[in-house]
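We will go stop by stop.

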Amino acid sequence: MKRIDALRILADHSAELPVVVTCAASSRELAAVADRPNHLYLLDSMGLAGSVATGIAMALDDTPVAKVLVIEGDGSLLMNPNVLATGGFLRPDKLVMVLLDNAVYGATANLPTYAEDIDLGLLAEASGWTVRRAADPDELHSVMREVTQLPGPVLLHVHLEAGNATNVPKLLEDPVIIGRRFQDWLSNRVSTQEGAQLTAAAEVLL
């Protein structure tokens, strides 16, 4: 299974969730699969997807939003492994990180990352995360259903083949526009779900 195959599955499971996506090929390929306003593409911000998603998950703790999904790569996570310790310490209940691990830097001729020899899932476990694993499409479908029901922080370690998808256009949208689109979607999502909860509660009382 290559990255774009995994992203198609993740898109199937995340249409109603805020999704923070690491930079480069991961953002481009997800946008090619399904470009949605609930996707926050962190262009040119390698290593920061987990940190941004942690803050969003904590901010949404008392809202009806079920989970915050962050799509990270092994090379990007290795630029900021402190996000694992931070997540283990703060324990954001709604945080789910999907680590797409192909053990290479896809943007630099597939040079190997440390993940070739270091198990990043074990690193997350040592930091206090609940860890699940998947290595093929069926496993990924099944485990995605599970991790969205577990208390966070949760890391889903997905082992991939190396290789970028071909004929995927560059993602040239202004990051400010991407951020505003995501913010508007999230604000509307929170207010709509809170309104639905209040309506349901009123119906029960009446």
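How many salt bridges does the count come to? The total is seven salt bridges in this predicted model.

**Stop 1: Glu16 and Arg189**

Select Glu16 and Arg189 and show their side chains. They meet in a salt bridge, with N to O at 2.8 Å. Now trace where each partner sits. Glu16 is in the loop between H1 and strand S1 (19-21), while Arg189 belongs to helix H8 (residues 175-205), so the bridge ties together parts that are 173 residues apart in sequence.

Glu16 is partly exposed, at a relative accessible area of 46%. Arg189 is also partly exposed, with 22%. The cut-off for buried is under 20%.

**Stop 2**

Arg181 has 27% relative accessibility and counts as partly exposed.

**Stop 3: Arg132 and Glu146**

Select Arg132 and Glu146. The closest N and O atoms of this salt bridge are 2.8 Å apart. Arg132 sits in strand S7 (residues 130-134) and Glu146 in helix H7, 14 residues apart. Arg132 is partly exposed at 28% relative accessible area. Glu146 is partly exposed at 33%.

**Stop 4: along strand S7 to Ala134**

Remain on strand S7 and pick Ala134, which is found there. Is Ala134 buried or exposed? Its relative accessibility is 1%, so Ala134 counts as buried.

**Stop 5: helices H1 and H7**

Select residues 3-13 for helix H1 and residues 137-147 for helix H7. Two packed helices are described by the angle between their axes and the distance between the axes. Here the angle is about 30 degrees and the axes are 10 Å apart. That makes H1 roughly parallel to H7, because angles under 35 degrees count as such. Which hand does the crossing have? The crossing of H1 and H7 is right-handed.

**Stop 6: Ala15**

Step past H1 to Ala15, in the loop between H1 and S1. Ala15 is partly exposed, with a relative accessible area of 32%. Draw a distance from Ala15 to Ala162. Their C-alpha atoms are separated by 26 Å, and the residues are 147 apart along the chain.

**Stop 7: the nonpolar patch**

Select Met58, Phe89 and Leu90, then show the surface. These residues make a nonpolar surface patch of about 340 Å². Where is Met58 placed? Met58 is in helix H3 (residues 49-59). At 41% relative accessibility, Met58 counts as partly exposed.

**Stop 8: a cis peptide**

Go to Gly152 and Pro153 and display the backbone. The bond joining them is a cis peptide, with omega about 5 degrees. Pro153 lies in the loop between H7 and strand S8 (154-159).

**Stop 9: two positive phi values**

Select Ala103. Its phi is near 65 degrees, a positive value in a residue other than glycine. Ala103 is placed in the loop between strand S4 (95-101) and strand S5 (104-105). With 18% relative accessibility, Ala103 counts as buried.

Move on to Asn110. What is the phi of Asn110? Phi is positive, about 60 degrees, although Asn110 is not a glycine. Asn110 lies in the loop between S5 and strand S6 (111-112). Its relative accessibility is 34%, so Asn110 counts as partly exposed.

How values were computed: Residues are numbered from 1 along each chain as its sequence is written. This is a predicted model: local features need pLDDT of at least 70, side-chain atom pairs count only at pLDDT 80 or more; totals for chains, interfaces and linings use all residues. Side-chain values use heavy atoms; hydrogens and water are left out. Patches are made of residues with over 30% relative accessible area and no salt bridge: like charges are joined within 9 Å, nonpolar side chains (Val, Leu, Ile, Met, Phe, Trp, Tyr) within 5 Å. Accessible areas come from the Shrake-Rupley method with a 1.4 Å probe; for residues, only the protein chains shown count as cover. A salt bridge is a side-chain nitrogen of Lys or Arg within 4 Å of a carboxyl oxygen of Asp or Glu. Helices (H or I, at least four residues) and strands (E, at least two) are DSSP runs, numbered from the N terminus. Buried means under 20% relative accessible area, exposed over 50%, partly exposed in between (1.4 Å probe, protein chains only). Axes are lines fitted to C-alpha atoms, for helices over the stretch in contact, and angles run from 0 to 180 degrees between N-to-C directions. Angles under 35 degrees count as roughly parallel, over 145 as roughly antiparallel, 65 to 115 as roughly perpendicular and the rest as oblique. A crossing is left-handed if the near helix is turned anticlockwise from the far one by less than a right angle, and right-handed if clockwise.
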